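Here is a short briefing on one protein chain. Look over the sequence and the model, then read on.

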Amino acid sequence: MKKGRTNVTESRFPCHLWEIRDAKSALDMMETALIRQYGTCLELEDSFALHGNYPDYDDEGSRRLLRCKVCGSLLLVQSSLRECPYWDEPDMYYRDYIPVASVEEADLLNILWNGEELGEYPFRHLKRDDHRYLWTEGEEPVPLFPEELRRRIREKYAGLSPKHRELLEKLICEAGKKEGNGDND
Ligand SMILES: [Zn+2]
């Protein structure tokens, strides 16, 4: 099997919290460390923006990669913040927690899916929407293979200019390789 991966720690998939039936309990139990900060949008090297990294609400948000401190698994998380002074917890309007099997998979999903698309991750995942906590419907998650993700990225962005396709290739090649920020394994 082709390896070529760096900065990847073997870990459980999905996170142990997927065994907790009640979504709020699962989120209350969550303890994580920051691995990557993907920021508010995905940009190519020349600042050309490919997509936003959170659902398109009238608010602010971002995406990041976290590692569960209990089982070591990885979670791709996107969140939106909305200022709503009359709410008790105005700082957490919306979050998606997507299980990923490797930093490479997370980097590639970050390239492939915009905020809305990641929110529609086809397997069961944790969501917080306003004050609702829920497990989405769907099958138990399976890891998405990097080669398949690379193929889908190239297909999705086939309409880019040759120069931007070249910069996109660079991003694709770097997936899973860059040093993580905040990863102190
Ligand atoms: Zn876990």
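Strands here are DSSP runs of E with at least two residues, numbered from the N terminus. By that count, Glu43 falls in strand 2, which covers residues 41-43. The model is predicted.

- How exposed is Glu43? Glu43 has 14 C-beta neighbours inside 10 Å, so it counts as partly exposed. The cut-offs are 20 or more for buried and 12 or fewer for exposed.
- Strand 2 pairs with strand 3 (residues 49-52) in the antiparallel sense, over three bridges.
- In this pairing, Glu43 sits opposite Ala49 of strand 3.
- Setting aside neighbours within four places in sequence, Glu43 is in contact with Phe48, Ala49 and Leu50.
- Leu168 is 125 residues from Glu43 along the chain, yet their C-alpha atoms are separated by 9.3 Å.

- Strands of a sheet pair through backbone hydrogen bonds, either parallel or antiparallel.
- Six strands form an open sheet here, in the order 1-4-5-6-7-8, with antiparallel pairing.
- Which strands are at the edges? They are strand 1 (32-39) and strand 8 (132-135), and each pairs on one side only.
- From one strand to the next, the twist averages 20°.
- Strand 7 (residues 126-129) pairs with strand 8 over four bridges, in the antiparallel sense. Lys127 stands opposite Leu134 of strand 8.

- Helix 2 (residues 103-112) has 10 of its 10 residues buried, so it is largely enclosed by the rest of the structure. Among the buried residues are Val103, Asp107 and Asn110.
- Helix 2 lies across strand 1, strand 4 (60-68), strand 5 (74-81) and strand 6 (94-100). It runs at about 35° to strand 5.
- Helix 2 also packs with helix 4 (residues 146-156), at an angle of about 15° and with the axes 10 Å apart.
- Why do helix 2 and helix 4 count as roughly parallel? Angles under 35 degrees count as roughly parallel, and therefore helix 2 and helix 4 do.
- Helix 2 makes the contact with residues including Leu108 and Leu112, and helix 4 with residues including Leu149 and Ile153.
- The residues of this contact between helix 2 and helix 4 divide into seven nonpolar, no polar and five charged.

Note on methods
Residues numbered from 1 in each chain as written. Predicted model: local features only at pLDDT ≥ 70, side-chain atom pairs only at ≥ 80, totals over all residues. Contact = placed C-beta atoms within 7 Å. Pairing = 2+ DSSP bridges. Axes fitted to C-alpha atoms, helices over the stretch in contact; angles between N-to-C directions. Parallel < 35°, antiparallel > 145°, perpendicular 65-115°, else oblique. Nonpolar A, V, L, I, M, F, W, Y, C, P; charged D, E, K, R; others polar.
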